[in-house]
Amino acid sequence: MQQYRILWADDEIDLLKPHILFLESKGFAVTPVNSGADALDEIDQSAFDIVFLDENMPGMTGLETLNYIKSSHPNLPVVMITKSEEEEIMEEAIGAKIADYLIKPLNPNQILLSVKKLLDNKRIFSEHTNQGYLQEFQKLTMDLEDLGDFDGWADLYRKLVYWDLQIDETEDKSMHDILNDQKSQANLRFCDFIEDNYYDWLNNPDVDRPLMSHQVMKKRVFPLLKSGDPVFMIVIDNLRFDQWEIIQPDIAELFEVVNKDHYYSILPTTTAYARNSLFAGMMPLDIAKKHPNLWESEDSDEGKNLHEEELLGKNIEREKLDIKYSYHKIIRAHEGKQLVDNVKNLMKNQLNTIVYNFVDMLSHARTDMQMIRELAPDESAYRSITKSWFQHSSLYDLLKFLANQNVKVVITTDHGTIRVKKPYKIIGDRNTNTNLRYKAGKNLAFDEEGVMYTRDPDEFRLPKVNVSTSFAFAREDFFFAYPNNFNYYVNFYRDTFQHGGISMEEMIIPIVELEPK
């Protein structure tokens, strides 16, 4: 075990001899000095892991010594020790970024706790987390054997996300491989569950079904209008549950999380289908039939989500809601800034719907640009970039404004994304779509084992380009690849984040209701 070195500065250091002996008995090396000046000399000559600093020393005070230490060794943790409980002194010390604050008279366990918290917390946290996951591992494995309902699957997925985030914070990350294997097994069974139940969810009125894309506005957003407060619905495209969890702490400083829930994205889990369905309040087949001018089919060269505002308007009209509403899509930074600058005008509307496209753009950029792959080589880094974007985004600025208003806020997404690893050969004609996680076209040829498919898109409430159109959906972390140039194709797309198919990450997605604190 590493021996940590402690520097302790106190003008009455001789009286602290019992505490020093106690720390030494616990394996710490302690260097005692009588003044702030001596402490600075020691720091310049030797390396220390932590400094204990008496606040009330003659000559150079503890606070003055602290400022010198932080200017030359900003990452060296300093524990301020004082007899005073004056608020002004505490605030000055905290403002100078002390690591801890202890009040005399000291007791040995109080000192030891502070040292362990600052120096050994990573090891303790790692051991505790790994032990906790190993204890939970067996229970999660047993849960996989009997899961048969959609809420149970969502609960299991959220537990796996929790442990993923916890293990991500450990030093050795030794449990990651075990967790990833368990997630793979869970996704395998989840895909079986979707194959067994998805048709009935859409076509059998007598079965229980989860909240799905086309029901979100009617069941979760429109009812909030009854409060009389403006409702802001924020859709962060491509946001997974783990990404929500890492931005939640920043949001929780501004808002009460009234309801953190989930819904199931429809298939295909793409913007063209899931988000159009979200705003329209209809399945894609119904949109194509009732509003053919607002639906772009697979063979169209036009953008597939250019009519979201009109679809939202039709939905509001169908529900007989006499309200003022707005729709905004934020793709570039200046658009987000303009929205924040004009947000006071939005307070006149009962409903404001805002789409932020950054996370989706990130996943595409990571596929196309080697530099982004280097910056986000795995899920942990991918989450980190999402958090950094959020903290410097116009969305965060918008939420800071809304936190001081009487409003309701809903944050959600249209689908998630999964890191694909395994290729699956498929053959289609040149009109087949390019998405890696689902294919729609005629004369699709593939090994039917291991692919969810339908030769009759009506079954999944999907429009077809012609009578022989079929849909095939990649399961788990597979992605479709054509036999031509197979190896090049596979090497380029393996380990990229994609969406459109069936996985917990793509289908089980967050919907969160917030109220200002």
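Me: What makes α10 largely enclosed by the rest of the structure?
Reply: Buried means under 20% relative accessible area. In this predicted model, nine of the twelve residues of α10 are buried, so the helix is largely enclosed by the rest of the structure.

Me: Which residues of α10 are buried?
Reply: They are F241, D242, Q243, W244, I246, I247, Q248, D250 and I251.

Me: How do you know that the reach of α10 is close to the one expected?
Reply: The expected span is 1.5 Å times one less than the number of residues. Helix α10 covers residues 241-252, twelve in number, and 16 Å is expected. From first C-alpha to last, α10 reaches 16 Å, so by the definition of the expected span its reach is close to that value.

Me: What makes W153 and I194 members of a nonpolar core?
Reply: Such a core is a set of buried residues of listed types, Trp and Ile among them, joined through side-chain atoms within 4.5 Å. W153 and I194 belong to the largest core, which has 86 residues, and they are among those that touch the most other members, a group including F190, Y198, Y264, L399 and V409. Helix α7 (residues 150-168) gives this core its largest share, ten residues.

Me: With which residues is I194 in contact, leaving aside neighbours within four places in sequence?
Reply: Contact requires heavy atoms within 4.5 Å. W201, Y264, M452, I502 and M507 are in contact with I194. Another core lies apart from the largest one; it has 22 residues, including V216, V235, Y263 and I511.

Me: Why are β7 and β8 said to stand at the edges?
Reply: The open sheet has six strands in the order β7-β19-β10-β6-β9-β8, with mixed pairing. Strands β7 (255-264) and β8 (325-330) each have a single partner strand, so one side of each is left without a neighbour in the sheet. Neighbouring strands are turned by 15° against each other on average, direction ignored.

Me: How do you know that β6 and β10 pair?
Reply: Pairing needs at least two bridges between two strands. Five bridges join β6 (residues 231-236) to β10 (residues 408-412), so by the definition of pairing they are partners. The two strands run parallel, and F232 stands opposite V409 in β10.

Me: What packs on this sheet?
Reply: Helix α14 (residues 333-341) does, touching β8 and β9 (351-356). The direction of α14 makes about 150° with that of β8.

Me: How many helices and strands does the protein chain have?
Reply: There are 21 helices and 19 strands. Of the 517 residues in the chain, 54% are buried.

Key. Residues are numbered from 1 along each chain as its sequence is written. This is a predicted model: local features need pLDDT of at least 70, side-chain atom pairs count only at pLDDT 80 or more; totals for chains, interfaces and linings use all residues. Side-chain values use heavy atoms; hydrogens and water are left out. Helices (H or I, at least four residues) and strands (E, at least two) are DSSP runs, numbered from the N terminus. Axes are lines fitted to C-alpha atoms, for helices over the stretch in contact, and angles run from 0 to 180 degrees between N-to-C directions. Buried means under 20% relative accessible area, exposed over 50%, partly exposed in between (1.4 Å probe, protein chains only).
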